[in-house]
Amino acid sequence: MARWFRSEHMEYVSLIVNEDAANDCLADLGKLSAIQFTDLNPDLTPFQRRYVSYVRRCDELERKLRFFGNECDNFGLNLETAGDIDSFLESNASIIGRSGSALSASGAPSATGGKGASGTQLLESLEVELEGYESQLKELNAYSEKLTREYNEKVELQEVLEKARRFFMTDAPRLAVSELSSGRSSSKPGALLAGAHDDEARADLDMRFSSITGVVSTEEKVRFERMIFRATRGNCYVRFAPIKQPITDPETGSLIEKCVFIVFFKSLSIETKLKKICDAFFAHRYSLPDMDDAPAVDRMLTENAQELVDSRTVLLKNQDTRFRLCQMLAQHTERWTWIVLREKAVYHTLNMFKADVSGMLRGEGWVISESFEDVRASVNRAHSDMDQNMPSHVDQVAKPWPTPPTHFTTNKFTYGYQEFVNTYGVPRYREANPALFTAATFPFLFGVMYGDIGHGLFLFCAGLWLLWNEEKHEKAKLDEMMGGMHMGRYMIVMMGFFAVYAGLVYNDCFSLGLNLFGTRYSFGSDQPEEGDIAELNGEYGDGDSVYPFGLDPIWHVAQNELLFFNSFKMKLSVIFGILQMFTGTCLKGINAVYFGKRLDFLFEFLPMVAFASSLFVYMVVLIFMKWSINWNSRMLSATCLDPASDGWGSSDYQETVDGQTGVWVDCDGGGDGTCTPWGYVCQGNDDTVDKCPLNFGGSGDGCQPPNLITSLINIALAPGNVDEPMYNGQAGIQNLLLAVAGISVPVLLLAKPYFLSKEQAAHHHSAGDDDDEEEEHGMGEVIIHQAIETIEFVLGMVSNTASYLRLWALSLAHSELATVFWEKAMLSTLNLNWFATFLGYGIFAGTTLGVLLMMDVLECFLHALRLHWVEFQNKFFFADGIRFAPYSFKQLLVDASAS
């Protein structure tokens, strides 16, 4: 945990490597994930870099691999995983060639061993391999598109012939009869509906109609018919017949519903218009023989059917060949992709190096201190593996350095919390890491808001399920939502655990109290009625009268349940909020000490601690003090009782008067016949000040429980006036605390700018006018910044404390919603009948799942998130650090797999 508190130490190093060994050097450094290179060629465009041609070649290989992946998706084939990333990086990833030999990722033939080849040879091998597969696949695709188009034409022609023949056999005679009955002459029905390309001479040539037949998409049918009607002004006759089997689009491969159409007309101008309309709607036109010539039509149908069978056979053979090729590619595409990405990362990084000397490359970057020797060893090993001794150099660069990046070493548990903080902002280099505290406080504050045993168990079990399937999910490709849940699996388990814990403290399970240890209260009868008062079974403060863990379940049936829980949860919210904010303020001081910022520690941290302690930490002290005081005893000490009554001599009185604790003093008589336990004779018109033995001042004199909100407000609005004190000298102490708070504000506002101005004056005592103007400008910024810092802290302590009341508000909302769902959905239906109970349970389960187990979880999560990002982190966290982005093959492949 101490290592997680501050980021890793960084060193800025310079690498000088031989150009021939540069590829091997970076291949080894990519496995270490310990160095972040700096671009030494910022003035060069990407196209002017030394290795831009290699990067382009890698881009081309990536394009081919994406093409292979898309083709596999078209066949519904999933790309086979390349295995574990760590195993891939450690092993020699092999590329299977056409000849069956294997080429290792480093270029070495795996069958024969031998010397590793360079990155150039590896790219050449991949290019030859993938170029062959791409050419073969493109050729098969083009041939498939051609075959599909021919097959579709034959299918459409077959449908057109069948639909046209059916039309001429059924509808044409009816049309002819209709024409004869209306006074029109025609030698026979077939002559009326002759084809457009019939060249036979007949006597009734002028009375014959021409026709156009074809196929159009069913989607365009209505628009097609409307366009024909408008273009020909109704001087045509159109019939449609649907094609039952959808037809495959040769370009997209999708299935399209089509229908056959026949248009009859009698005009060359109309024919021209119809052909243009068909072309506009991408309708395929087909020429048919004379429908009166039945043998010719049958012969054409038979021939087309035979060609259709032959086309289908060839098409299926083509699809089978493409499928088998894609099956083979699916086995290797992801592995090839990883190899290409690795080589591309190598050349992209080499583009950051500078060629100061011919044959040598120089690079600079940040290295994790503890990995410095590993980096040096990797570079030396890569050079020693070459045929000849080549110089290499890895050494630290003298300061001044650029701003170091921030890197934390995390594990499965801490990674989610670190990303949680980094989403808001990356910590500065060596700054106190909020994630260390967030790992404990975030799930705890979530549990405070969501506290319920039953609902928390659901969340806890969901987290356990994610942990159980951890290895399975790490190897699978998860969507964005599931990936986020997998990353925060330990966070979800902790959230569920603390929700159950808070539920046990509240004694709340689906809005019901659990009598786990037996209530410490009892009623006077076995069947209590509304309005009966429950009494403690033991004496106040006795161990037998205290519920072992959490709240006594009797409070869930009390009339003042809401009042009690509101007071309890509101005070808890204030305590947790002030403690967390004060911790954040202390972290500011720890940072100031660590970085040696003396002025920040003396004139920012100390005034902040003084202000927060004098008002807000004091508020927490008062809350605990009020909880710890036996108010039954104090109020009894200021109560007038008859010495002869049953209440006289009660053990509830435990006050110490004149050195005696809990001793009842008999009064000498007089007054109204009553007296207080400590012996004061009551006169009938006595006030609390007279009857209380404590003499703490105010109207309560210490014997009356105070209203803490009023007491805290009066610290500032009515200094020295404590109406209901809890201890002796409270007014004086509060005046002192108010003075400390008042003094700390001007110190926080003015002290740091004043001493900074003194330091700058000492450094620039002999500077000219320009330097003086610059100094005045700088001091103006310092004063403005310090004023903003002061206002933000002072007002923020008040507003942030109020903001923590959301812990109480959301806990109250959760419990009240659970109560409403239980009472309205379940209790109201239990006494009706079984069907109503069954329906009520369904409503109860549905509302609980949708509202409390989903919406309320998200709501509490977001509110806990805000409390950490705003109320806690703004006390010390700058969030303007630079994230360490190491040259890492593993991270590169993880990101590629996720996308």
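**A walk from a buried strand to a helix pair**

Let's start with strand β9 (residues 258-265): 8 of its 8 residues are buried, so the strand is largely enclosed by the rest of the structure. Keep in mind as you look around that this is a predicted model.

Follow the side chains along β9 and you will see two sets. Lys258, Val260, Ile262 and Phe264 point one way, while Cys259, Phe261, Val263 and Phe265 point the other way, and all are buried.

Now look for the partners of this strand. Strand β5 (residues 210-217) pairs with β9 in the antiparallel sense, over 8 bridges. Here valine 216 stands opposite cysteine 259 of β9. Strand β6 (residues 237-242) also pairs with β9 in the antiparallel sense, over 6 bridges. In that pairing, arginine 239 is found opposite isoleucine 262 of β9.

Next, move along the chain to a pair of helices. Helix α13 (residues 453-468) packs with helix α16 (residues 489-506) at an angle of about 160°, and their axes are 7 Å apart. Because of that angle, α13 is roughly antiparallel to α16. The crossing in which α13 passes α16 is left-handed. Among the residues that meet here are Leu457, Phe460 and Leu464 in α13, and Ile492, Phe497 and Val500 in α16. By class, this contact has 15 nonpolar, 4 polar and 1 charged residues.

Our last stop is asparagine 507, in the loop between α16 and β13 (521-522). Asparagine 507 counts as buried because its relative accessibility is 2%, where the cut-off for buried is under 20%. Leaving aside residues up to four places away in sequence, asparagine 507 touches several residues, including Leu512, Tyr547, Asp552 and His556.

Definitions and conventions:
Residues are numbered from 1 along each chain as its sequence is written. This is a predicted model: local features need pLDDT of at least 70, side-chain atom pairs count only at pLDDT 80 or more; totals for chains, interfaces and linings use all residues. Side-chain values use heavy atoms; hydrogens and water are left out. Axes are lines fitted to C-alpha atoms, for helices over the stretch in contact, and angles run from 0 to 180 degrees between N-to-C directions. Helices (H or I, at least four residues) and strands (E, at least two) are DSSP runs, numbered from the N terminus. Angles under 35 degrees count as roughly parallel, over 145 as roughly antiparallel, 65 to 115 as roughly perpendicular and the rest as oblique. A crossing is left-handed if the near helix is turned anticlockwise from the far one by less than a right angle, and right-handed if clockwise. Contact means heavy atoms within 4.5 Å. Ala, Val, Leu, Ile, Met, Phe, Trp, Tyr, Cys and Pro count as nonpolar, Asp, Glu, Lys and Arg as charged, and the others, Gly among them, as polar. Buried means under 20% relative accessible area, exposed over 50%, partly exposed in between (1.4 Å probe, protein chains only). Two strands pair if DSSP finds at least two bridges between them.
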